[in-house]
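Student: I've got the model open, and I'd like to go through it piece by piece. Can you help me read it?

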Amino acid sequence: LGQRALAEIAWTRQLAGRLARAAGTDAKSAEWAELATLEQALQAQPIADVAASLYIDVRRVKRRLMLSSKAVDFSQLLLIDQPYPQGPEARHEAMHRLGLTAVPGGRLLVLDGLHPGGRVRSLGPDRPGAYWRGDLSFDATRVLFCYKAHDDESFNLFEVNLDGAGLRQLTDSVYDDIDPIYLPDGHIAFTTTRGNTYVRCGPYIPSYVLARCNADGSDPYVVSQNSEPDFLPALLNDGRIVYSRWEYSDKDQNRVQSLWTTNQDGTQTAVLWGNQSVWPDHLAEPRPIPGSNRVMFSGVGHHNWFSGSIGIIDPRKGLNYPLGLTRVTYDLPWAEVNNPPIDRAESDAYHASGAFSGYMGPYPLSAEEFLVSACGTDLKFRLYLMD
């Protein structure tokens, strides 16, 4: 513990220097002086006898510095708290989001206060049910989400005001409508099983593909020509929709889940990266890095969505592995595929902050910082701020 505390002091000084350079200020702040005092206390005793409280004091300084970053210009988070799906192959990439594997007990939450003791308030319906990722409107007044009540057959789209008022259901069908996002033109993009196609190696698995509807949920129509599933659309900085897509034709059935883009109306669909690549297995949950052409993603396993490692793609450097690919969370390999012949770290200075079995839901805040969910040894995902 003593050696780790000394290492944490060195890493915290590096953090202080980076933040100072970004802000154009002096790194030798009050925290810098605190670190010097803690270092003296560490060096004044046998390294093997360092108390846990002294290590925690170092981490408190590091936490305070990290949360002082200019990228952390908010005090609220929108999130879901959702039990794992259950049933045969329930963690499979194409199964885990379906209504037939959903488990009630989920919550759509707003966290007030960026700490584990922050106040949470629920935004969803009062009935027990399940959720997947929500989306905040561009003016930060409304939340778009998908929800399946415990006694309903499928996920449907809903919207609610951020203050909890005005809850309204937008779609109502036997199909699963999931992972909606607001579009700048006033429409909604989402994925749905309305295409009436099925995974070819699992004809009992409906494929959810990219679709679009009006702001009130009316006139839903499929815009994807894929017969295998599309996953988790998001908006790129240039306005295109980015999503991952399972490609099956003339390819290994398990290994190609690459990144694609399309215009907001579903035209000009094209591969962004990885349509001839084995590594990573599935480039899931893509989101653009602000002020950049780079895209952050979670590299999940085909048969286990909850085993991902976080990576970054720079499509300007090439369209397929290994060009433009780096791995951020270098403590975890790409899920479900063997070690690649070339495996570049985003940072050679990377060190893990604990023992984790999976990362998911990366949300870039800047070129350096991002939010992420990480799964601990107790198999629970928790929210973290990471650089």
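Student: Which ring does the charged end of R13 sit over, and how far is it from the ring centre?
Tutor: A charge sits over a ring if NZ of Lys or CZ of Arg is within 6 Å of the ring centre and within 35 degrees of the ring normal. The charged end of R13 meets that with the ring of W32, at a distance from the centre of 5.7 Å.

Student: Before we go on, what kind of model is this?
Tutor: Residues are numbered from 1 along each chain as its sequence is written, and side-chain values use heavy atoms, with hydrogens and water left out. Local features need pLDDT of at least 70, side-chain atom pairs count only at pLDDT 80 or more, and totals for chains, interfaces and linings use all residues, since the model is predicted.

Student: How are the rings of Y131 and Y147 arranged?
Tutor: Rings of Phe, Tyr and Trp (its six-membered ring) pair if their centres lie within 6.5 Å; planes under 30 degrees apart count as stacked, over 60 as edge-to-face and the rest as tilted. A search of the whole structure finds 14 aromatic pairs. For Y131 and Y147 the centres are 5.1 Å apart and the planes make 45°, and the pair is tilted.

Student: Why does that pair tie together separate parts of the sequence?
Tutor: Helices (H or I, at least four residues) and strands (E, at least two) are DSSP runs, numbered from the N terminus. Y131 lies in strand β4 (residues 129-131) and Y147 in strand β6 (residues 142-149), so the parts tied together are 16 residues apart in sequence.

Student: Are Y131 and Y147 buried or exposed?
Tutor: Buried means under 20% relative accessible area, exposed over 50%, partly exposed in between (1.4 Å probe, protein chains only). By that rule, both Y131 and Y147 are buried.

Student: Where do the buried residues of α3 lie around the helix?
Tutor: Helix α3 covers residues 52-67, and L54, Y55, V58, V61, K62, L65 and M66 are buried there. The arc is that of the directions from the helix axis to the C-beta atoms. Seen down the axis, the buried residues fall within 135°, so they line one face of the helix.

Student: What do those buried residues of α3 pack against?
Tutor: Contact means heavy atoms within 4.5 Å. The buried residues of α3 pack against α1 (2-23), α2 (30-43) and β25 (381-386).

Student: Why is β20 described as largely enclosed?
Tutor: On one side V295, F297, G299 and G301 are buried, and on the other M296, S298 and V300 are too. Seven of the seven residues of β20 (residues 295-301) are buried, so the strand is largely enclosed by the rest of the structure.

Student: How many bridges join β20 to β21?
Tutor: Two strands pair if DSSP finds at least two bridges between them. A hairpin joins β20 to β21 through two residues, and F297 stands opposite G311 in β21. The two strands run antiparallel, and the number of bridges is six.

Methods: The expected span of a helix is 1.5 Å times one less than its number of residues.
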